[in-house]
Amino acid sequence: MQKKPVFILAIESSCDDTAAAVLENDKVRSNVVANQLIHQEFGGVVPELASRAHQQNIVPVIDAALKKANISKEDLSAIAFTQGPGLMGSLLVGSSFAKSLSLALDVPLIAVNHMQAHILAHFIDEENFDKPDFPFLALTISGGHTQIVKVSNYFEMEVIGETTDDAVGEAFDKSAKILGLPYPGGPLVDKYAQLGNPKAFAFTKPKVPGLDFSFSGLKTAILYFIQKEVAKNPEFITENLNDICASIQHTIIEILMDKLKLAVKETGINRIAIGGGVSANSGIRKTLKEAESKYGWKTFIPKFEYTTDNAAMIGIVGYQKFLIENFENSSVVSKARIAL
């Protein structure tokens, strides 16, 4: 007898994107994201505005996800939502809706760790995308996180390296701000970097012991460098934008790769998977693919739409938790900070 399919409705609202997805087992039936453009004029995410926008977007986004998946809410097997980490006001919008819907439909409620979801996004069943075998090393890189995680199975993960100050995504965005680029600046640095010379300008890499990262010193070095050059030539940024971006990106990628090489050496694990918003960066993706032939690694790069914040990745964790009946009740609380 054929087993009844599991339909998971997943809700993601950890920061400034309202997202909903429907998964049938480990396949994505729909994945809808509503972006919030209001933050651009402020040069960063304003938490209060983010939570208000989530309240406006959540019903239409979930409705669109169900319609696109061609199922009704009565078909759902469970509701999965992002418990944390993230902005508290944003998280509460998603969790409150998930709890209410779970209660109304009398289906299980599943709480998901956002960072765990970035890693397990690799297990979404997608054509032409391989799934990593356990154990593997995950490099999770985003606006708020930079971690190397040893992944032994779906729910056994150990952070073996992390940033001691700023995240890599912040380093990209702050560098862009120094250059006068609009928010979010990280993707623009990547865009201009592809047109420039990565060896045009040299930036010192921070010396941090072990597998940990640091990016605050690099940001300061970039700021002082730009101030010094602009004092000599007011048109320096305009005349050298591509080369500056290429040099910044090259330095950041070298910092990441140095730590990954050390992690492979220390653990003996040469399967590397990346996740998080910054893994959309073309330079990082290219360098990681080159590492397969250069170092003998097996690298895993998720489908582009599963790198930035999305609900499909919440859904795949929800599916794995559904299989082992790891459910929550309505007393579960959202957490701005949550351990992996």
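User: What makes two residues count as in contact here?

Analyst: Contact means that heavy atoms lie within 4.5 Å. In this predicted model, Val168, Ala171, Phe172, Ser175 and Ile178 of helix H4 meet Ile237, Ile248, Gln249, Ile252 and Leu256 of helix H7 by that criterion. The residues of this contact comprise eight nonpolar, two polar and no charged.

User: Why are H4 and H7 called roughly antiparallel?

Analyst: The axes of H4 (residues 168-178) and H7 (residues 236-267) cross at roughly 165°. Angles over 145 degrees count as roughly antiparallel, and H4 and H7 are therefore roughly antiparallel to each other.

User: What else describes how H4 and H7 pack?

Analyst: Two packed helices are described by the angle between their axes and the distance between the axes. For H4 and H7, the axes come within 11 Å. The crossing of H4 past H7 is right-handed.

User: What makes strand E9 mostly covered?

Analyst: A residue is buried when its relative accessible area is under 20%. In E9 (residues 271-275), four of the five residues are buried, and the strand is mostly covered.

User: How do you know that E9 pairs with strand E6?

Analyst: Pairing needs at least two bridges between the strands. E6 (residues 136-141) and E9 have four bridges, in the parallel sense. Leu137 stands opposite Ile272 of E9.

User: What makes E10 a partner of E9 as well?

Analyst: With at least two bridges again required, three bridges join E9 to E10 (residues 298-300), and these strands run parallel. Thr299 in E10 is the bridge partner of Ile272.

Terms used
Residues numbered from 1 in each chain as written. Predicted model: local features only at pLDDT ≥ 70, side-chain atom pairs only at ≥ 80, totals over all residues. Heavy atoms only, no water. Axes fitted to C-alpha atoms, helices over the stretch in contact; angles between N-to-C directions. Helix = DSSP H or I, 4+ residues; strand = E, 2+ residues; numbered from the N terminus. Parallel < 35°, antiparallel > 145°, perpendicular 65-115°, else oblique. Left-handed = near helix turned anticlockwise from the far one by under 90°. Nonpolar A, V, L, I, M, F, W, Y, C, P; charged D, E, K, R; others polar. Buried < 20%, exposed > 50% of the residue type's maximum accessible area, 1.4 Å probe, protein only.
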